[in-house]
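Please look over the sequence and the structure, then read the points below.

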Amino acid sequence: MPRLGSAIGLGDWEGVEEASHKLKGVAANMGLRQVHEKAALIVTQVRAGETADLRRLFTELVSALEPTDQALAALREVMPGVAHDTAA
């Protein structure tokens with residue numbers, strides 16, 4: 001997510017498309033419907049050259065990921081080392 005947020009902030013539309021497309025696939029594989037839908041919308045908007053709403057869509061995407069982040073945090077508490085944080 002940091003890469004996607006940074007790409008949006010920099011106006012790196014190719015980076016936004018790449019990161020959001022990758023996230024869309026991961027979310028689909030994990031059954032994260034809302035995350036998949038938000039990432040797909042970002043991909044669609046970038047490909048259409050409609051970038052004005054990307055910051056808002058990114059915020060919505062982060063919110064959609066919140067329950068997953070909370071679930072992973074709980075899993076890390078009960079099973080340290082199994083669900084490790086790779087963002088660090």
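1. In which helix is Arg3 found? Arg3 sits in helix H1, residues 2-10. Helices here are DSSP runs of H or I with at least four residues, numbered from the N terminus.

2. A word on the source. This is a predicted model, where local features need pLDDT of at least 70 and side-chain atom pairs count only at pLDDT 80 or more, while totals for chains, interfaces and linings use all residues. Residues are numbered from 1 along each chain as its sequence is written, and side-chain values use heavy atoms, with hydrogens and water left out.

3. Back to Arg3. It is partly exposed, at 46% relative accessible area (buried is under 20%, exposed over 50%, partly exposed in between, with a 1.4 Å probe and protein chains only). Setting aside neighbours within four places in sequence, Arg3 contacts Glu18, Ala19 and Lys22 (contact means heavy atoms within 4.5 Å).

4. Salt bridges come next. The count is six, taking a side-chain nitrogen of Lys or Arg within 4 Å of a carboxyl oxygen of Asp or Glu. Arg3 pairs with Glu18, with the closest N and O atoms 2.9 Å apart. Arg3 lies in H1 and Glu18 in helix H2 (residues 13-30), so this pair ties together parts 15 residues apart in sequence. Glu18 is partly exposed, at 45%.

5. Arg47 and Glu17 also form a salt bridge, 2.5 Å from N to O. Arg47 belongs to helix H3 and Glu17 to H2, so the pair ties together parts 30 residues apart in sequence. Arg47 is exposed at 55%; Glu17 is partly exposed at 24%.

6. How do H3 and H4 run relative to each other? The axes of H3 (residues 33-47) and H4 (residues 54-78) come within 8 Å and cross at roughly 165 degrees. That makes H3 roughly antiparallel to H4 (angles over 145 degrees count as such). Axes are lines fitted to C-alpha atoms over the stretch in contact, with angles from 0 to 180 degrees between N-to-C directions.

7. Which residues make that contact? From H3, they include Val35, Lys38, Leu41 and Ile42; from H4, Leu57, Phe58, Glu60 and Leu61 are among them. By class, the contact has 11 nonpolar, two polar and two charged residues.

8. Glu60 and Lys38 meet in a salt bridge, 2.9 Å from N to O. Glu60 is in H4 and Lys38 in H3, 22 residues apart. Lys38, Asp53, Arg56 and Glu60 are linked in a network of salt bridges.

How values were computed:
Helices (H or I, at least four residues) and strands (E, at least two) are DSSP runs, numbered from the N terminus. Angles under 35 degrees count as roughly parallel, over 145 as roughly antiparallel, 65 to 115 as roughly perpendicular and the rest as oblique. Ala, Val, Leu, Ile, Met, Phe, Trp, Tyr, Cys and Pro count as nonpolar, Asp, Glu, Lys and Arg as charged, and the others, Gly among them, as polar.
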